[in-house]
Structures are given as C-alpha cells and as structure tokens.
Amino acid sequence: MNYRELYSSLEGTPLEHWLDALPQALEQRLAEAGRHGDLPRWQASLAGLPSVPDAEPDFREGVRLVSRAGLDDPARAALHRALMGLHPWRKGPFDLFGEHIDTEWRSDWKWNRVCGHLDLEGHRVLDVGCGNGYYMWRMWAAGARQVIGVDPNLLFWTQFQALRNYLPAAPVWLLPFTLEDLPEPTAGFDTVFSMGVLYHRRSPIDHLLQLRACLRQGATLVLETLVIEGGAEHCLVPDDRYAQMRNVWFLPSVPLLERFLRRAGFSDVRCVDLNRTTVEEQRSTPWMRFQSLPEFLDPEDPTRTCEGYPAPLRATLVARRP
C-alpha cells in the first residue's frame, strides 16, 4: 500500500509535522508485519483479486462497488476466492461487484442509528480502532474530505486494502498502528470516532484525553462503547471475561460515562443512541464462521451473558472540544 499521496495531503495542514516521523514509523511497522505468519497468505489473496478497470463506488445505502461491464464467471470466481481468503470478516457488510460479504456485524445498522446526528461535510476525520475500515467508507460518503483510521490488526489492514485496491484515489487511509503509536496529533482533526474501543482500555480517562488532543477547538468526538444500566455511580468491572472477551476492563453507566467526558474536558455531551445488541446484529455467517453473540449469551436467559453479566448494551455519545 502506497502512502505517498497521504504524505502529500498533510503538507500545509496541522498534521504536517507527521511527515517528520510517520514514514519511518510506518516503514518499521511494515517490516515487523512481514514476520506475521499469516501475512503471506493474506497478501496472496490480495494478489488474486481480479482487475476491474471501471470500478466505481456506490455508497448511497452501504459500501458497494459496481462495474458497468460486469465480471465474467472466471473473474467472479477469482474475486470470491480472494475475498474468502481474508476470512473472518467482522465489520460490514460489503458488496463488491455482486459478491456480498455477509459480515459478523451488521455495521450498517449502527451507522444508520448514528449518522443522522453528524455533519462530516469537508471534515478531516480520525477513526480510532477502525477495524477493516467499513465506517471510514461511510464517513467519506457522508462528505468527509479525508479519513484516516488506525488499527494494528493486520488482517483488518489487508481487508481494507482489498477495497482500496479498486478505489486508489480515495482520500481514505488505514495506518496499522494503535493511537499511541501515532505522532502527536496536535488538534489536527475536525471529527474523531472511537467506536468499540473504550472498554478495552485499562485507563478510560487517559483514552478520552488522547482523543481530545486529536481534536481542534470546537470539533466533535463520537464515542461508542459498552455500557450498563444505572445511575452516575454505577460501573461493571468483569472478574475475567465479558461475553467471552478477555480484554474488557469496565462498563460504565451512561451518566457515569457522561461525567468521564466532562472531566476529560468535553462539553455539550449527549447520548444519541442506546441499543441492546441482538443476535440478528451480531452473528456467525459463512464469512465469519467462528462463535458469535448467540454463543456468548446464557442459553436459558438471553438478557445475561454466559458469565452472568447483563447482555451487551451499547451507547453512542457525541461531545465537543470547547
């Protein structure tokens, strides 16, 4: 993946200082990535993608690529093999020239619940923990002038490349880093998303302060995370696993999360969506054949996880950096 156009786009912006460190950091990261045992197989899948010279995006209702000429049967079979070689697909769905990738998550449902509360027109957007980039394509389609995502997972990075292979001029970029690996963001973004990240952080306030530092004055944070019902004093700290996830550190109530945001220096804090995750929204499919939410809930009481905790409840909050 060639990042030269990204580097050029940073010149003359608040992120121009990234050019002092980012190319070298990215080169080192990719050198380390080359030692990942599965990367050659994933790269072979990328190499197997058929050429589609007239590929065009159709993001009006999802993430869809179309071709006026269409694909013949050999090309369609090659496309299926290549994309299936990047299993498991977690976030989506995607439709590439008629090949429907039915991902574990119906991420389009979450996007539809949130997008009406946002105005991304002309924004430079940062998506922290962006996964395979599904939401980044939706952000671009919603009017963002540039979208940069960070996620260290190399499979997700490869899946993103499968899409970008057909949209090489799109101002949408995935850096295979954590937020902490990035150069100092120095208030370089108009909107920052952190969705499905906070509960993995050992220090939630530190994460919120990092997100705040990425935003220019007056800019917007979109925070989506697991929560529990309750008042401003309520928080769940799992003993070990939560819904079979080991790295879940805490689930605050919405009022407590709002307090966290205000203490971290945000204003105009509001919860725009509160939604109980269903087994229709998160489930196993042929494109993600491992266990999913139905196996993570108590089979006799689906309002509880298999560990006995309240079943997943997700909140999306919007806040502003004053």
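Which residue caps the N-terminal end of α7? I looked this up and found N153, with a side-chain oxygen 3.0 Å from the backbone nitrogen of L155.

On the source: this is a predicted model, in which local features need pLDDT of at least 70 and side-chain atom pairs count only at pLDDT 80 or more, while totals for chains, interfaces and linings use all residues. Residues are numbered from 1 along each chain as its sequence is written, and side-chain values use heavy atoms, leaving out hydrogens and water.

Helix α7. I took helices (H or I, at least four residues) and strands (E, at least two) as DSSP runs numbered from the N terminus. In α7 (residues 154-164), 11 of 11 residues are buried (under 20% relative accessible area, 1.4 Å probe, protein chains only). W157 and R164 are among them.

The sheet. I traced seven strands in an open, mixed sheet, ordered β7-β6-β5-β8-β9-β15-β12. Strands pair if DSSP finds at least two bridges between them. β7 (172-175) and β12 (267-276) each have a single partner strand, so one side of each lacks a neighbour in the sheet. I then checked β8 (residues 189-195) against β9 (residues 215-227): the pairing is parallel, over six bridges. F193 stands opposite V222 in β9.

R321. I placed R321 in the segment after β15 (313-320). R321 is buried but has no salt bridge (a side-chain nitrogen of Lys or Arg within 4 Å of a carboxyl oxygen of Asp or Glu). E184, the nearest side chain of opposite charge, is 7.8 Å away. The R321 side chain does reach the backbone oxygen of R212, at 3.0 Å.

Notes:
Buried < 20%, exposed > 50% of the residue type's maximum accessible area, 1.4 Å probe, protein only. Lys, Arg positive; Asp, Glu negative; His and termini not counted. Polar contact = N/O pair within 3.5 Å; in protein donor to acceptor, adjacent residues only side chain to side chain.
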